[in-house]
Amino acid sequence: MPLSTRELFARLIKCEAEGEGLNGMRAVASVVMNRVHVAYGEYQRVCQGDLRKVIFQPRQFTCVMEEVYGQYNPQNIYNMRPDELHYEIADWALAGNVLWGVANSLWYYNPFKPTCATIFPITGTGTLHNRIGQHCFYIPTERYAQT
């Protein structure tokens, strides 16, 4: 049976950020919804404001990949069983809420070190905005509009 969009979103939140606590999970959910609502650039062109398309856009979320670097990825959304909290965060984000520290960030990643790169991704389309927990958050540069 296909999973609902809400179910997929809750699973993605759990998989991508459960270890980051409430604000970390809200931050990740905010970025996902920012991609849904951005009015220009790659995410608008490819995903057209569709949350499912954002979640399944290739090479965006490790948790959607069943295989990473040629190896089975056991931590994927198909193996996640979200708790009520993950649904609540998904509903919170779907209602239009954005965590204050995220702003219009379109990317995040965990560098597994104390500092964040100033530019991400390597295409130069994002610049560092904030760090929340272990994740670094990036807002679009002017270059993003050309993607």
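What do the buried residues of α5 pack against? They pack against α1 and α2. This is a predicted model, where local features need pLDDT of at least 70, side-chain atom pairs count only at pLDDT 80 or more, and totals for chains, interfaces and linings use all residues. Residues are numbered from 1 along each chain as its sequence is written, and side-chain values use heavy atoms, with hydrogens and water left out.

The buried residues of α5 are His86, Tyr87, Ile89, Ala90, Trp92 and Ala93; buried means under 20% relative accessible area, exposed over 50% and partly exposed in between, with a 1.4 Å probe and protein chains only. Just after α5, Gly96 takes a positive phi of about 100°.

Let us turn to the core. The largest nonpolar core has 42 residues, and Phe9 and Leu12 touch the most other members. Such a core is a set of buried Ala, Val, Leu, Ile, Met, Phe, Trp, Tyr and Cys residues joined through side-chain atoms within 4.5 Å. Helices (H or I, at least four residues) and strands (E, at least two) are DSSP runs, numbered from the N terminus.

Leaving aside neighbours within four places in sequence, Leu12 is in contact (heavy atoms within 4.5 Å) with Val32, Ile55, Phe61, Cys63, Val64 and Ile77.

**The sheet**

Three strands form an open sheet in the order β3-β5-β4, with antiparallel pairing. Two strands pair if DSSP finds at least two bridges between them. β3 and β4 (126-132) stand at the edges with a single partner strand each, so one side of each is left without a neighbour in the sheet. The pairing of β4 and β5 runs over six bridges, and Thr127 stands opposite Ile139 in β5. On the sheet packs α2, which touches β3, β4 and β5 and whose direction makes about 145° with that of β3. Axes here are lines fitted to C-alpha atoms, for helices over the stretch in contact, and angles run from 0 to 180 degrees between N-to-C directions.

**A buried glutamate**

Glu20 is found in the loop between α1 and α2. Leaving aside neighbours within four places in sequence, Glu20 is in contact with Met25, Ile132, Gly133, Gln134 and His135.
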